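Welcome! Here are a few exercises to work through with the model open beside you. Take them one at a time, and try each before you read its solution.

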Amino acid sequence: MFHEQVSNHLKLLSESLQPDPGRGTSVSIKFSGNRNLCPVPGILYNMNTLDTFKALDRRALFNLEVQKIWEDIHSGKVEEDSSLLCRFFLISYADLKKWNFYYWFAFPALVLEPPAMLTDLRRASEVFSIEEGTALLAACNEWRQSTSTAGVPFFLVHIISNVVVRLRPLRDWEACQQEGGKVLLGFYDPCHLPANPGWPLRNFLAFAVVRWGLERATVLCYREKGGFGDLQQCLVVDILVSTPPGWSNHELVPKAVGWELNSHGKLGPRLINLATEMDPKRLAISAADLNLKLMRWRALPSLDLKCLSSTKCLLLGAGTLGCQVARNLMAWGVRHITLVDRGHVAMSNPLRQSLYTHDDCLNGGKLKVNAAAENLKCIFPGVEAEGVSMTIPMPGHFVTADELSNIMKDCMQLKDLIDSHDVIFLLTDTRESRWLPTLLCADANKVAITAALGFDTFLVMRHGAGVGLSIDTDAPKMLGQDGPLEFEDLAASASERREKRLGCYFCSDVVAPVDSTRNLTLDQQCTVTRPGLAPIAAALAVELTVSILHHPLRINAPADEAGFDDSSVEQPLGILPHQIRGDIAHFSQMLIKGYASKRCIACAETIVSEYRTRGIDFVLEAINQPTYLEDLTGLTELMNLAKHFNLDWED
């Protein structure tokens with residue numbers, strides 16, 4: 001008799017979801033009246049696996065909701081909240097990797113036995129006179145506009161006279177009977193079919209039979225067109241009903257129906273795949289984010305995905321180390337990567353440098369930075385990758401007058417790049433190419449990570465804070481044993497950290513860098529390392545970076561050593577070392593801590609102050625004068641003293 005088809009969409013209101021039970025709060029959900037929304041109670045059972053979805057006891061869940069409806073009818077709750085007649089539930093499983101969504105709706109409806117008999121069905125415009133129709137629409141419009149009744153789906157239509165019609169709540173049934181006039185049952189009808197009342201009428205009739213003992217009822221199926229009641233769309237139905245045997249017994253729960261049919265017209269869940277409907281780029285971003293969110297959910301609640309995705313990383317060097325570092329950064333959720341190099345992709349590169357292919361080598365080879373940026377986007381379309389082809393000015397590489405303008409341009413460009421990024425990776429394959437970036441990072445107080453390779457050994461280290469560091473009041477507060485450490489506590493130890501700031505890549509050297517590539521044979525020019533060395537060093541460099549970004553003191557974090565365990569400091573990713581030196585010939589690693597040297601040729605206060613005073617002129621003199629940096633820092637004097645220092649050895 002009744003058709004289950006519903007023309008309007010079901011909308012899940014986020015504010016109706018229960019709060020996190022772990023928070024120990026109880027929130028009362030209240031809805032403000034909205035004539036375009038009619039809230040009804042429902043339960044969402046979302047399964048974590050497809051197997052649990054299939055194994056779910058659907059019959060038990062369905063019977064539970066039927067029992068709730070039955071109890072609400074007998075207890076009188078429905079008369080206070082008629083939306084309880086529309087209870088529903090939804091079971092679902094979301095395969096977020098394949099974008100397959102399994103779901104099955106149930107709208108339980110009590111079965112009348114014997115079934116109700118429809119004796120008449122007409123359009124409302126054919127039933128009511130013009131006066132009654134006008135009064136009815138006015139009453140309905142008033143009901144729908146009131147914030148207290150707009151969301152009430154079931155009501156009474158009390159026709160007192162041709163010109164007086166009122167809509168009243170179900171609890172006023174007895175009052176309507178006493179006051180006289182004609183009383184119709186009314187409900188919001190979501191069905192659009194011209195000859196079928198909507199599904200909600202089933203439970204409404206069951207309620208009327210149990211609570212009021214009705215045997216005959218006239219029902220108004222209220223429908224709208226263009227947001228207002230329309231008598232051409234509304235239906236008026238005359239129905240004969242009889243009380244099924246046993247319904248007077250509260251303990252006897254009647255039969256019910258209500259499972260939605262699937263796309264094949266059979267009882268079963270529906271499946272929708274959204275992958276084909278979505279932008280492939282958005283799919284890739286969502287899949288990558290899912291892995292990180294699962295990591296945060298299962299193992300690392302403090303993982304700051306927003307911090308990682310907004311961090312801008314500058315990779316100086318797009319070779320073996322640069323390729324591996326870039327890929328590991330993307331895996332951690334870093335979305336802004338800039339690569340700097342001046343080389344072209346050679347035939348020997350693709351085997352060890354994972355961002356290049358054979359096609360990148362053809363016709364003289366693409367610029368490494370362009371090929372790397374393009375291939376990063378092919379791997380993950382959500383990354384903002386940029387390549388900058390330039391030469392890094394280096395001490396010992398003499399600059400002629402003709403080259404001066406280009407070198408000055410490179411110096412300014414490198415400074416701008418470092419200033420505009422958050423983390424700087426020094427991944428070049430010569431010692432002297434790391435000098436100027438180290439100086440600029442010390443001047444700008446940037447996080448700098450160095451990775452360097454030997455044949456079977458590697459070094460991964462973080463540079464200490466720059467000269468004249470300042471405490472960042474916006475940085476996360478470090479957790480102490482007695483609670484958060486305030487800014488004053490951090491500032492109190494600032495002078496101590498200046499004295500013990502960690503060293504840079506050059507702090508243990510006693511000579512200035514020189515041109516290390518001049519007059520070298522082919523085997524000396526190439527970086528010859530064991531193939532597994534670069535991936536290990538690159539992975540450690542990125543892990544070290546992520547640990548820094550999650551430490552409360554960031555670049556100012558002290559160095560931890562092996563076996564360090566300080567419960568007063570929250571370190572969800574483990575210890576934070578200064579240097580990691582590895583030897584895969586012995587499959588060993590050492591954690592080393594070294595403090596900044598007052599005579600360092602890259603980060604000493606003397607060097608940084610001279611750079612801040614003279615700027616590019618200082619850099620040019622350091623490039624063209626081999627002993628300038630040693631003279632400035634006092635290393636020359638120190639070496640001369642060492643030559644005249646005599647030791648007497650005892651047998």
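Helices (H or I, at least four residues) and strands (E, at least two) are DSSP runs, numbered from the N terminus. This is a predicted model in which local features need pLDDT of at least 70, side-chain atom pairs count only at pLDDT 80 or more, and totals for chains, interfaces and linings use all residues. Residues are numbered from 1 along each chain as its sequence is written, and side-chain values use heavy atoms, with hydrogens and water left out.

**Exercise 1.** Find helix α13 and work out which of its residues are buried.

Solution. Start with the term: buried means under 20% relative accessible area, exposed over 50%, and partly exposed in between (1.4 Å probe, protein chains only). Next, go to residues 435–444, the span of α13. The buried ones there are W435, L436, P437, T438, L439, L440, C441 and A442. Because 8 of the 10 residues are buried, α13 is largely enclosed by the rest of the structure.

**Exercise 2.** Trace how strand β18 pairs with β17 and with β19.

Solution. Two strands pair if DSSP finds at least two bridges between them. First take β17 (residues 423–426), which runs parallel to β18 and is joined to it by 4 bridges; here V423 has V447 as its bridge partner. Then take β19 (residues 457–462), which pairs with β18 in the antiparallel sense over 5 bridges. In that pair, I449 is partnered by R462, and a hairpin of 3 residues connects the two strands. As for burial, 6 of the 7 residues of β18 (residues 447–453) are buried, so this strand too is largely enclosed by the rest of the structure.

**Exercise 3.** Which hand does the β-α-β unit of β17, α13 and β18 have?

Solution. Set the strands pointing away from you: a crossover is right-handed if the path from the first strand over the helix to the second runs clockwise. The unit made by β17, α13 and β18 is right-handed.

**Exercise 4.** Sort the lining of the largest cavity by residue class.

Solution. Ala, Val, Leu, Ile, Met, Phe, Trp, Tyr, Cys and Pro count as nonpolar, Asp, Glu, Lys and Arg as charged, and the others, Gly among them, as polar. The sorting gives 7 nonpolar, 5 polar and 2 charged residues. Helix α13 gives the most to this lining, with 3 residues.
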